[in-house]
Amino acid sequence: TKTGEERASAPRRRRIAAARMTGLAPAAIVALSWIRRTIWTTWFLGLVLFVITWPVGSLAPVPGLDYSFVAGLHMAAHEHLQFGTQVVGTYGPLGFLRYPVLYYTWTARLSLLYTAGVHLLLCLTVVWALRRMLPTLVAFLLAWVAVSIIVAEPESALVVAVVWLVEATRTGSSPRLKRVFPVLAGVTSGLEVLIKINTGATVAVLALLVILFSDWREWRRVAAFAASFVVTFAIAWFAAGQGLANIGPYVSTAKQVISGWSTAMQLVGPNAVLWAALVVAIAVFVIAWQSTMWDRPGARAVILLIWLVLGFSVFKEGFVAQEPGHESIYFGTALGAVIAFSWRGAQRSAVLWGLTLVVAIWFMVNLSSPLQYVDPATSTRDLANQISTMASAGSRDRLVAQSRAAMVAAYGLDATTLAELAGHTVDVVPSEQSILWAYGLRWTPTPVYEWYYSVTPALDELNARVLASPSGPQRLLRSLSAPVNGRNNLFDSPAAQRSMLCNYAPLSTTGVYEVLARVPNRCGPPRLVQAVRAPWGTLVQ
């Protein structure tokens with residue numbers, strides 16, 4: 001009978017014998033064995049996936065409506081503006097973390113770190129989940145496609161949360177995960193609610209469902225979630241330069257934006273995409289139903305409830321303003337939900353069919369080729385270039401200078417306009433805040449700085465009061481460019497439009513811009529001119 005020491009040394013003797021036969025040193029054989037084991041680990045595959053699916057194409061600021069919104073988030077963070085009073089929207093004081101663009105070095109660094117952390121968690125999570133039911137190579141290739149789709153829109157953190165929420169619910173999940181889940185969920189939702197309040201609120205509601213389902217009598221789990229949420233929120237809130245006084249306005253104004261969004265921001269797209277979204281929702285329900293067939297009582301109900309709450313949230317975000325970019329949020333999150341149910345081998349067929357269905361629909365909706373998104377060479381090069389840029393002050397300065405020059409050429413403000421704005425606080429209405437950064441102007445914003453976001457009367461009046469106040473902007477640069485989604489610019493934030501007319505007068509007008517200067521209130525009390533009753537569609541003179 002061999003001793004334990006002899007049995008332990010047997011593999012070593014075999015490696016030495018193999019080394020002698022191949023001419024390699026024993027140390028080389030051991031090293032090759034270690035490398036072979038390492039490259040098939042989830043950590044290594046996740047890191048490889050992280051590099052070849054890096055989601056940031058460029059750090060350079062560019063003009064345009066979407067980048068104007070992003071510029072506002074970075075400028076608000078840089079100026080330590082108070083959210084809820086000076087800046088209003090669904091994004092919070094940490095909203096700039098979602099968008100790594102080099103407006104300022106410190107905001108770019110933090111946003112890159114956040115993006116890298118979330119992206120790494122997404123890659124590790126997807127690889128880990130798919131390896132539970134598929135061979136490693138197949139799981140990696142599927143994870144590659146899935147991650148490339150999910151990162152098309154910045155809701156990766158929500159997808160990561162969904163996978164781990166479902167995992168914490170099932171019977172066979174890790175006891176350690178169940179113990180730390182309330183704290184992790186509280187920290188995640190406390191941070192995300194300061195980045196994007198509707199995403200953070202969705203994660204918090206789903207986490208509470210899971211915690212209460214686990215054992216509704218275990219008050220310590222609920223207390224741990226609440227405490228970690230409050231502590232994370234408080235630390236991040238004050239670190240972002242916010243105060244106690246604007247916590248209430250931050251919540252109330254964000255609620256206004258969320259509640260008014262569905263009625264004010266409707267943009268109708270192809271009906272076929274809505275039907276495709278319904279098919280995807282049914283597919284996720286079927287997979288969830290089958291996955292929980294043998295779980296403990298109530299597991300099926302809570303998991304289906306999770307998908308119902310999640311589905312409503314991402315459907316609203318993806319289809320109120322129905323555009324390919326918004327629709328990707330819905331389909332990408334659905335892809336994460338399918339992956340979350342990949343824990344049972346018997347589910348392999350259903351999950352694979354579900355993944356194939358969602359991926360095929362997503363590419364049809366976006367009318368794009370898979371090669372457009374699965375491009376490892378470009379992603380790797382972008383990551384390397386961005387690391388190099390952020391590590392060198394000279395590279396950062398050159399990129400900022402080039403971006404400013406390109407934006408100045410694109411916006412083309414003339415010398416007279418710039419002279420009228422110089423030395424004054426300025427706001428650009430109804431959008432295009434990027435002009436302020438490009439020309440180095442002093443920003444005093446109307447709170448809903450993208451006026452098409454003024455989706456309720458309360459938000460509209462907030463803008464109107466700031467324009468009527470002596471502390472409001474001294475100059476307005478009014479853009480005369482095409483409105484958002486073909487809307488009438490005068491119908492966006494109408495009370496603010498009237499306040500602008502009453503409290504500002506034009507200094508100069510070009511074909512694209514108008515400079516307005518603050519003047520004493522030019523308007524008297526309102527006076528009824530005429531009342532007309534007319535059916536819908538009738539032209540009223």
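1. Helix α8 (175–195) contributes the most to the lining of the second largest pocket, with 8 residues. Two or more lining residues also come from each of α3 (42–52), α5 (105–131), α7 (156–169) and α9 (197–215), where helices are DSSP runs of H or I of at least four residues, numbered from the N terminus.

2. This is a predicted model, in which local features need pLDDT of at least 70 and side-chain atom pairs count only at pLDDT 80 or more, while totals for chains, interfaces and linings use all residues. Residues are numbered from 1 along each chain as its sequence is written, and side-chain values use heavy atoms, with hydrogens and water left out.

3. The second largest pocket holds about 760 Å³ of space (a pocket is an open set of points on a 1 Å grid over the protein atoms alone, where a 1.4 Å probe fits, with protein on both sides within 12 Å along at least five of seven lines; lining residues have an atom within 4 Å of a point). Of its 23 lining residues, L121, T125, V160, W164 and L184 are the closest to the centre.

4. Helices α5 and α6 (residues 136–150) pack at an angle of about 140°, with their axes 9 Å apart. That angle makes α5 oblique to α6, because angles under 35 degrees count as roughly parallel, over 145 as roughly antiparallel, 65 to 115 as roughly perpendicular and the rest as oblique.

5. Residues of α5 that meet α6 include H119, L122 and R131, and those on the α6 side include T136, A139 and I150 (contact means heavy atoms within 4.5 Å).

Note on methods
Grid points are joined across faces, edges and corners, and a volume is the space filled by probe spheres set on the points. Axes are lines fitted to C-alpha atoms, for helices over the stretch in contact, and angles run from 0 to 180 degrees between N-to-C directions.
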